[in-house]
Amino acid sequence: MSEARAEVVQIAPMPSPTGERLAERFTVHRYWEAANAEAFLAGPGGQAPAIATLGNVTIEKALIPGMPKLRIVSCYGVGVDGVDLAAAKAKGVIVTNTPDVLTDCVADLGISLLLMISRRLVEADRYVRSGQWLKAEFKLTAAPRGKTLGIVGLGRIGLAVARRAEAFGMKIAYHNRGKRAEVAYPYYATAAALAAASDYLLLTCPGGAATRHLVDAKVLEALGPKGYLINVARGSVVDEAALVEALQHRRIAGAGLDVFADEPRAPAALFALDNVVLTPHIASATLETRTAMGDLMIENLRRYFDGEQVLTRVA
Ligand code: NAP
Ligand code: 8YV
């Protein structure tokens, strides 16, 4: 007789090979195929003890309180702003995420966006393809060397960005809620003060209520007409309407954006602008990193079901 497999609710599709690996190991209930939360909770998935979710997805509010046997939420991603942590805590539900394994790829994309927007690479590519080079040389662009990179959220990814930026000859400064004793970079107590001291403002803080619109019109004004914004954190961290305004009126020089407030929709007003580079939330999206994230997410579930300590529990 075959052993009963543990039951897991999968909130949304996961890229290969993670989706397949999850289904090989567990009995998966596909939440995204249900008509709504109520219908799902009334079925067998509502009785599962585990949820597998993704960093860029918000779990429907009714789900965590509505699953009586829920014990663990395992997130494929480091950001857990899509998980109602208060509801999980109230039920004693373990929440795990996938830190560290994605740090390098996310930092790589942050630096890529910084270089792409400074050197106007997307525009330059279009320039060659459209035959404009035959008529005139491309315009001069901005060099990062010697400039100050202000990092909002100097944690694992922020530090990895800082190390890369130093290799490009940049100076580093940062804003966190608190100063890091072991870090020598200049600290600024507010995002606005950091922006005023920076040529580039790069966001690597968590999303959620505490950082909502941390970068608003005032911060963008402080960054100024020669300043660039790079966001690889969460769309919610930036007041998008204020950002669109600032870009349209050249109150900042440009932006490189991997994340948006209402994904997969990006503000249509950005599409007409040549001073932005837009990517579809792909900072961790290499096969190597996504596979490592998926393996860690599944390993946390396996450990929970086998009675072992999970590896990466969210504090
Ligand atoms: P981390 O090591 O926890 O770093 C987060 C940093 O943000 C910490 O230094 C923290 O310092 C700071 N911070 C937290 N709350 C803040 C606030 N209210 N105001 C200012 N600073 C604050 O996390 P990580 O691994 O580097 O990941 C950071 C974030 O990157 C994730 O949460 C996620 O949103 C985003 N991310 C995006 C992608 C993508 O695909 N674009 C991929 C991975 C991660 P203090 O605690 O001292 O404030
Ligand atoms: C992924 C992320 O896009 O780790 C995070 O917080 O935002 C990204 O790594 C996501 O987790 C996959 O959906």
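Student: How much area do domain 1 and domain 2 bury between them?

Tutor: The model is a predicted one. In it, 50% of the area buried between the two domains lies on carbon and sulfur atoms. The total that domain 1 and domain 2 bury between them is about 490 Å².

Student: Which residues of domain 1 lose the most area to domain 2?

Tutor: On the side of domain 1, three residues together make up 65% of what that side buries. These three residues are D81, P99 and T289.

Student: How many residues of domain 2 are in contact with domain 1?

Tutor: Contact here means heavy atoms within 4.5 Å. On the side of domain 1, seven residues take part. On the side of domain 2, the number is six.

Student: Which residues meet in a salt bridge, with N to O at 3.0 Å?

Tutor: Across the interface of domain 1 and domain 2, the rule finds one salt bridge. A salt bridge requires a side-chain nitrogen of Lys or Arg within 4 Å of a carboxyl oxygen of Asp or Glu. At 3.0 Å, N to O, the side chains that meet in this way are those of R234 and D81.

Student: How many residue pairs are in polar contact between domain 1 and domain 2?

Tutor: A polar contact is a pair of N or O atoms within 3.5 Å. With both residues at pLDDT 80 or more, the count of such residue pairs between the domains is two.

Student: Which residue has a polar side-chain atom 3.5 Å from an oxygen atom of ligand 1?

Tutor: Ligand 1 has 26 residues around it. Among its polar contacts, an oxygen atom of ligand 1 is 2.9 Å from a polar backbone atom of I157, and a nitrogen atom of ligand 1 is 2.9 Å from an N or O atom in the side chain of D258. The residue with a polar side-chain atom at 3.5 Å from a ligand oxygen is R234.

Student: What share of the accessible area of ligand 1 does the protein cover?

Tutor: On its own, ligand 1 has 920 Å² of accessible area. The share of this area that the protein covers is 85%.

Student: Which residues come nearest to ligand 2?

Tutor: The shell around ligand 2 divides into five nonpolar, six polar and two charged residues. Of the 13 residues around this ligand, those that come nearest are N56, Y76, V78, R234 and H281.

Student: What share of the area that ligand 2 exposes when taken alone does the protein bury?

Tutor: Oxygen atoms of ligand 2 lie 2.7 Å from a backbone N or O atom of V78 and 2.8 Å from a polar side-chain atom of H281. Taken alone, ligand 2 exposes 330 Å². Of that area, the protein buries 94%.

Conventions: Residues numbered from 1 in each chain as written. Chains lettered and ligands numbered in written order. Predicted model: local features only at pLDDT ≥ 70, side-chain atom pairs only at ≥ 80, totals over all residues. Heavy atoms only, no water. Near = heavy atom within 4 Å. Polar contact = N/O pair within 3.5 Å; in protein donor to acceptor, adjacent residues only side chain to side chain. Areas by Shrake-Rupley, 256 points an atom, 1.4 Å probe, with all protein chains shown as cover. Buried area = accessible area lost by both parts, 1.4 Å probe. Nonpolar A, V, L, I, M, F, W, Y, C, P; charged D, E, K, R; others polar.
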